[in-house]
Amino acid sequence: MSDYLLPASQGALAYAELFERVSKLIEFGPEAIAAVVVPHCPKWSVKCALSHMIGVPEDVLLGQMEGVTTEAWTQRQVDRHTEHSKSELLAIWSNTFENFKELLPNIPQPTISQFVFDQATH
């Protein structure tokens with residue numbers, strides 16, 4: 001399977017690019033964008049999806065990996081950020097990403113591809 005994956009370094013770059021693109025999209029969107037339902041995640045609003053996108057690197061950095069990939073794990077990420085505004089979420093994500101990007105080059109395949117896939121699908 002790994003024969004079909006890009007080198008981990010390219011996965012790290014793709015993850016960083018996704019962070020930049022999504023951050024800009026949300027930053028320049030109206031505040032109401034946070035309440036829009038995500039079509040392929042109909043139980044989640046944009047705010048919920050963003051909370052999960054923030055929560056994954058938060059949990060990795062904090063070693064909070066119990067239940068990784070389960071609904072309970074992702075729901076804790078969403079719940080953690082319920083009270084935050086769009087701008088607060090972007091600030092939290094930016095701060096988290098600053099720390100997480102140091103780990104990105106060291107995340108091997110296929111894990112880095114899974115991180116990129118998760119980010120891209122949300």
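1. On one side of helix H1, Leu13, Arg21 and Leu25 are exposed (over 50% relative accessible area, 1.4 Å probe, protein chains only; buried is under 20%, and partly exposed lies in between). Helices here are DSSP runs of H or I with at least four residues, numbered from the N terminus. This is a predicted model, in which local features need pLDDT of at least 70 and side-chain atom pairs count only at pLDDT 80 or more, while totals for chains, interfaces and linings use all residues. Residues are numbered from 1 along each chain as its sequence is written, and side-chain values use heavy atoms, with hydrogens and water left out.

2. The buried residues of H1 are Ala8, Gly11, Ala12, Tyr15, Leu18, Phe19, Val22, Ser23 and Ile26. They sit on the same side of H1 because their arc around the axis is only 125° (taken from the directions from the helix axis to the C-beta atoms). Their cover includes H2, helix H4 (86-100) and helix H5 (111-121).

3. H1 (residues 8-27) and H2 (residues 46-62) have axes that come within 13 Å and cross at roughly 145° (lines fitted to C-alpha atoms over the stretch in contact; angles run from 0 to 180 degrees between N-to-C directions). Tyr15, Val22 and Ile26 of H1 meet Val46, Leu50, Met53 and Pro57 of H2, contact being heavy atoms within 4.5 Å.

4. Serine 51 belongs to helix H2. This serine 51 is buried, at a relative accessible area of 1%. Neighbours within four places in sequence aside, serine 51 is in contact with Gln77, Val78, His81 and Leu89.

Definitions and conventions: Helix = DSSP H or I, 4+ residues; strand = E, 2+ residues; numbered from the N terminus.
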